[in-house]
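Trainee: Could we go through this structure together? I would like to begin with the salt bridges.

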Amino acid sequence: MDMLIAMKVMTEVARTGSFVGASRSLSLSPASISRIVGELEAELQARLVNRTTRQLKLTEAGEAFVARAPGILEEVEALRYAVADHHAVPRGRLRISCVAGFGNECLAPALPAFLARHPGLQVTLDVDNRKIDLLEDHYDVAIRLGPLPASSLIAQRIATQRVVFVATPGFVARHGRPERISDLAGLPSIMQVSGDWGKLHRFRYGGEVVDFAAPQEFVVGSAAAARNAVLTGHGYGLLNDFAVERDLAEGRLVRLLEHYEPEERPILAIRSHRVHVPQKILTFLDFLRVTFRP
């Protein structure tokens, strides 16, 4: 049997928690996944997976196998790059994890052009705000809001996130245009809060630092949901500038409190530290740098 393929299969079975999930990730049938796992168990003379009709769970031997397999696969990949010229044309599957707001509004619309330029690449983009482990979750690149805590990972700044106060023209016509943050008190609001993010925002105004605690009247966990709610005219919102750029340009929304300068947060593309970085990763990082440069 092909031990490398078996390692990839077991790694995906563990990551997705099912044969069906692994089959989708690897473009194999569930029957093929089951057969490969069975052959691997026969080869090792050990049961790696306990499976019932409802769930799949790794045995102790399976956990030991999966714990070491990704490192071996990465070493094999590094060896392949060390002895062959794989740097001319990027190819293979690129797995990306991206924060939801930037992923939905900016990265996802840009990726078709990237793929058209590099037909040897395939992309899997996961868009959410959960915490991940770049290596254990087998991502090539993660895009997150900085700053990056001390770690061995390598981060590249690709953009900047700024929040802006916005409302519809109709909302302003009904409630007037606030001049200070204190003027927002009592006005209907729509706030995006995800975990700890979004509860408190910091601005500079007249040389002073002003903190704004997000009202809790109407709170949503998604940038897209917050934007759609603000567009109804029910309340003002505090949204990422890249999420409302087109709405502002086309007049669906207007800026409020423009003289309040928001705190900027870097948007980082993060990769692991490798001696031999696959060309697909280097090509993608170059694409991010050019596409989203200020």
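This is a predicted model: local features need pLDDT of at least 70, side-chain atom pairs count only at pLDDT 80 or more; totals for chains, interfaces and linings use all residues.

Trainee: Which residue forms a salt bridge with Arg-162?

Mentor: Glu-261 does, and the closest N and O atoms of the two residues are 3.1 Å apart. Glu-261 belongs to strand β14, whereas Arg-162 sits in the loop between β6 and β7, so the pair ties together parts that are 99 residues apart in sequence.

Trainee: Are those two buried or exposed?

Mentor: Arg-162 counts as buried at 19% relative accessibility, because the cut-off for buried is under 20%. Glu-261 is partly exposed, at 39%.

Trainee: Which residues make up the network around them?

Mentor: Salt bridges with shared partners join Arg-162, Asp-241, Glu-261 and Glu-264 into one network.

Trainee: How many salt bridges are there in the whole structure?

Mentor: The search finds 14. One of them pairs Lys-280 with Asp-140, at 3.8 Å from N to O. Lys-280 lies in helix α9 and Asp-140 in the loop between β4 and β5, so this pair links parts that are 140 residues apart in sequence. Lys-280 is buried at 10% relative accessibility, and Asp-140 is buried at 10%.

Trainee: And what does Glu-41 pair with?

Mentor: Its side chain meets that of Arg-51 in a salt bridge of 4.0 Å, N to O. Glu-41 is in helix α3 and Arg-51 in strand β1, so the bridge ties together parts 10 residues apart in sequence. Glu-41 is buried, with a relative accessible area of 12%, while Arg-51 is partly exposed at 36%.

Trainee: Changing topic: where is Phe-102 found?

Mentor: Phe-102 is in helix α5, which covers residues 100-117. Phe-102 is buried, with a relative accessible area of 2%. Beyond its neighbours within four places in sequence, its contacts include Ile-143, Ile-158, Phe-242 and Phe-292.

Trainee: Which other residues of α5 are buried?

Mentor: Among them are Gly-103, Cys-106, Leu-107, Ala-110, Leu-111 and Phe-114. As a general point, an α-helix has 3.6 residues a turn, so residues three or four places apart point the same way.

Trainee: Where does the kink in α5 lie?

Mentor: It lies at Leu-107, shortly before the proline Pro-109, and is about 45°.

Trainee: What span should α5 have?

Mentor: At 1.5 Å a residue, its 18 residues should span 26 Å, and the end C-alpha atoms are 24 Å apart, which agrees.

Key
Residues are numbered from 1 along each chain as its sequence is written. Side-chain values use heavy atoms; hydrogens and water are left out. Helices (H or I, at least four residues) and strands (E, at least two) are DSSP runs, numbered from the N terminus. Buried means under 20% relative accessible area, exposed over 50%, partly exposed in between (1.4 Å probe, protein chains only). Contact means heavy atoms within 4.5 Å. The expected span of a helix is 1.5 Å times one less than its number of residues. The bend at a residue is the angle between axes fitted to the seven residues ending there and the seven starting there.
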